[in-house]
Each structure stands twice: as structure tokens, then as C-alpha cells.
Amino acid sequence: MRTRPLKVALLGCGVVGSEVARIMTTHADDLAARIGAPVELAGVAVRRTGKAREGIDPALVTTDATALVKRGDIDVVVEVIGGIEPARTLITTAFEHGASVVSANKALLAQDGAALHAAAEANGKDLYYEAAVAGAIPLIRPLRESLAGDKVNRVLGIVNGTTNFILDKMDSTGAGYQEALDEATALGYAEADPTADVEGFDAAAKAAILAGIAFHTRVRLDDVYREGMTEVTAADFRSAREMGCTIKLLAICERSKDGTSVTARVHPAMIPLSHPLASVRGAYNAVFVESDAAGQLMFYGPGAGGSPTASAVLGDLVAVCRNRLSGATGPGESAYADLTVSPMGDVVTRYHISLDVADKPGVLAQVATVFAEHGVSIDTVRQQGKDGEASLVVVTHRASDASLSGTVEALRKLDTVRGVASIMRVEGE
């Protein structure tokens with residue numbers, strides 16, 4: 001074993017960063033044995049000094065992150081500060097000054113992953129980011145290494161624990177959205193401002209990363225269709241149960257049947273109770289991968305939190321340090337396929353549409369005619385009426401998002417349709 005330690009700079013010392021530092025200290029002997037050399041925490045960059053940080057020598061703490069990554073003797077920079085800047089500049093500066101990088105920054109990777117990979121390659125360094133998607137769940141490495149010889153066709157998953165907790169609570173207790181959100185906040189599962197989670201921004205960034213790796217194609221955050229879950233109601237869950245389904249906020253990345261294009265999207269969807277993702281409860285994450293040779297694979301576990309995320313960071317740190325010792329680098333960006341990223345309008349799926357209509361003869365015929373005129377085939381219809389008003393639930397066969405949008409626009413123009421109560425996709429069949 002080499003006795004000279006590999007030096008690690010830590011950018012950020014919050015919930016995740018402090019756990020990374022703790023594990024590096026408490027598991028130092030094991031890490032050294034697995035890597036083939038000791039690892040030494042050489043500096044910790046924070047926004048403000050003066051705060052006591054258990055297990056970290058105050059002499060290592062600095063507010064000058066730029067100077068830390070420019071030192072030249074740093075072997076690996078671990079970035080867990082998040083956001084776009086200064087993280088982007090710090091990472092590229094680290095590459096330029098001889099360090100490889102381990103990051104948990106999903107937003108930055110989804111927006112500028114190609115540029116970061118290019119900077120790593122130009123400087124002969126590693127960029128690893130297992131912790132950017134689904135916390136402790138090993139997912140990035142299986143996709144870009146274990147399945148490198150296979151053809152991945154679909155990645156379908158629950159990649160945000162906050163939203164899964166809220167939807168699970170609504171399903172299991174009958175609670176409304178706000179009530180479930182309040183409980184998630186009280187328990188620490190939701191941030192004070194939950195927008196990034198409940199509006200799907202967090203999941204969309206993860207979908208962009210997963211799609212890029214799975215399909216060997218550059219997929220940016222702007223390419224991902226995003227729809228939040230704030231409009232999901234208790235009535236939607238009742239409808240889902242009547243269909244033998246539940247509702248999840250899903251990240252879905254798909255290769256087209258002809259293999260020439262891909263799509264990436266995040267939105268609430270009904271999935272059958274028989275699907276493995278339907279049983280994912282609480283704040284857990286799970287990702288379902290479908291490929292030609294391996295078939296169906298499911299990855300499940302805690303998707304957030306200090307210790308789970310730190311576990312993924314440390315796994316990357318070990319891999320990068322091993323590469324450092326051997327003088328090699330791990331897999332970089334693979335975008336050779338360069339497939340077209342299709343818009344949401346091209347996506348084909350089933351739909352569950354709930355309409356408020358007048359309770360009188362001929363309404364169903366009018367609605368059915370509109371669906372037929374737009375080329376959308378109806379699978380089932382359920383109608384309930386009372387005192388001149390009725391609820392009409394239509395479940396379609398597979399149709400494109402564009403054709404369904406045209407159908408709904410035409411339905412709104414019917415005198416007998418009082419309103420469109422909800423529209424939800426049906427996935428996982």
C-alpha cells in the first residue's frame with residue numbers, strides 16, 4: 001500500500017458534506033485498504049467560518065473555495081454545495097489544476113454536463129456523480145458500466161422522496177395535497193419552499209442525467225417535459241383505485257420504437273398496483289430499467305438524506321482514487337448515438353380524463369364523437385349523474401400527447417361539457 005495519502009478537498013459541509021467528512025474519518029482504515037492508499041481531508045470550503053463542525057479540524061476550514069481547488073496538491077475535489085455557480089467554475093478550475101471531481105450536483109449536471117465532461121477529458125481527469133440521482137441507490141454506474149454492452153430502452157422511476165411521501169400519504173389516508181405536504185414538512189421530508197420537488201424540477205434534472213447515460217445522447221434539462229403534482233386531488237386517487245391503480249410522480253425516459261429518437265418527461269401518472277413501482281412507499285426512491293438483454297431491472301432504496309447520499313459520494317471517491325493511483329480514468333461522457341430528443345407532443349401513452357358534463361341524453365355520444373374525430377380510441381367510459389350534473393370518466397387506448405391536447409381543446413367547446421376536472425397519464429403497463 002502506498003503510504004503517501006491522496007488529498008481530498010470538500011466543497012460544502014452541510015447535511016451531506018458533514019457526513020462525507022465523518023465517514024472519511026471513522027472509516028479511514030477501511031477506505032485506505034480498499035483504495036490502496038490513505039485518503040486525507042486536506043480542506044473544507046464553507047460559506048461562513050466560526051461554526052463548530054464535529055470531527056473536522058478548524059484549521060482545514062476556509063471560505064476561499066477557489067484557492068482550495070487551485071492548490072495543485074489536491075487529488076480529488078468533492079462538490080456538494082449544489083446550484084449552478086460557483087459550483088461550475090470551481091469544478092472546471094479543479095480540473096485545470098490537476099484534481100478529479102466527485103459531485104452530487106444534479107442541477108448543474110443536467111444543465112452543463114456536456115461542458116463539464118469535456119473539461120474533465122481535456123485535463124485527463126475523472127468526473128463521477130452517482131450521488132446526483134437517487135441518493136444511495138447504485139444507478140449511474142450500473143447504467144454506464146454494468147449495462148454498457150446492452151441496449152436500454154426505457155427508464156421509469158420515482159426519483160424524488162418528498163413527492164413520493166406526499167402522494168403515498170394521500171393514497172393511504174385520503175388526505176388532500178396540502179395536508180400531506182404539511183406533514184411532509186413537519187417530518188423534515190419537504191423543504192420550507194418545496195417548489196423544486198413538488199413542481200418536478202428536481203426530478204426533471206435527474207431525468208435528463210438518466211436519459212443521457214441510458215441512450216448515449218446529450219439530454220439537457222430544457223429537453224425534459226415537466227409537470228408538477230400540486231393539482232393531484234383525493235378524487236384522482238379514488239379514480240385510480242377504481243382502475244386498480246395508484247398515482248406516482250414519475251421520471252420517464254424512453255427510446256422510440258424505431259430507435260431514432262428519445263423522450264424524457266416528468267409528471268404524475270396512474271400506474272397499476274401490480275407494477276413494482278406501485279409498492280414504493282414513503283420517501284423511498286425506485287427506478288425500473290428495461291433493456292434488450294438484461295430485461296427488467298429495479299433499483300430501490302433511500303433517495304436522499306445525509307448518510308445515504310454520502311454513501312454514494314464515498315463510493316465514487318473510492319473509484320476515483322483507485323483510478324488516480326493507476327494513472328487511468330473511468331468512463332466519461334458517451335453521446336455517440338446523438339439521437340433526436342422528441343417533444344412531448346410525440347409521446348404516446350394512455351390517458352384518464354375526468355369531465356364535468358350535463359346529465360342529459362346524447363352527452364356521451366357527443367364526447368365520443370370528439371375523441372373519434374381526433375383519432376383517439378376510447379378504452380372505457382364511466383358516467384355518474386345527479387340533479388342535472390354528471391361526471392364522465394374516459395380512459396383511452398394509447399394516443400399521442402398532441403392528439404389528446406386537440407381532443408381536450410375540442411371538448412371544452414361543447415355546450416354539454418362544464419369543465420375538464422383532471423387529465424392524467426396511465427403508465428407502467
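**Close-up 1. Pairing of strand 7 with strand 11 in the predicted model.** Strand 7 and strand 11, the latter spanning residues 284-291, are paired in the antiparallel sense, and six bridges connect them in this predicted model. Within this pairing, L156 is found opposite F288 of strand 11.

**Close-up 2. Pairing of strand 7 with strand 9.** Strand 9, made up of residues 245-255, runs antiparallel to strand 7 and is joined to strand 7 by four bridges. Here the bridge partner of G157 is A251, which belongs to strand 9.

**Close-up 3. Burial of strand 7.** Strand 7 covers residues 152-158, and because six of its seven residues are buried, this strand is largely enclosed by the rest of the structure. Buried is used here for a relative accessible area under 20%.

**Close-up 4. Crossing of helix 5 and helix 10.** The axes of helix 5 (residues 106-122) and helix 10 (residues 201-215) come within 8 Å and cross at roughly 50°, which means that helix 5 is oblique to helix 10.

**Close-up 5. Residues at the contact of helix 5 with helix 10.** From helix 5, the residues K106, A107, L109 and A110 meet D202, A205, K206, A208 and I209 of helix 10. Sorted by class, this contact of helix 5 with helix 10 comprises six nonpolar and three charged residues, with no polar residues.

How values were computed:
Residues are numbered from 1 along each chain as its sequence is written. This is a predicted model: local features need pLDDT of at least 70, side-chain atom pairs count only at pLDDT 80 or more; totals for chains, interfaces and linings use all residues. Side-chain values use heavy atoms; hydrogens and water are left out. Axes are lines fitted to C-alpha atoms, for helices over the stretch in contact, and angles run from 0 to 180 degrees between N-to-C directions. Helices (H or I, at least four residues) and strands (E, at least two) are DSSP runs, numbered from the N terminus. Angles under 35 degrees count as roughly parallel, over 145 as roughly antiparallel, 65 to 115 as roughly perpendicular and the rest as oblique. Contact means heavy atoms within 4.5 Å. Ala, Val, Leu, Ile, Met, Phe, Trp, Tyr, Cys and Pro count as nonpolar, Asp, Glu, Lys and Arg as charged, and the others, Gly among them, as polar. Buried means under 20% relative accessible area, exposed over 50%, partly exposed in between (1.4 Å probe, protein chains only). Two strands pair if DSSP finds at least two bridges between them.
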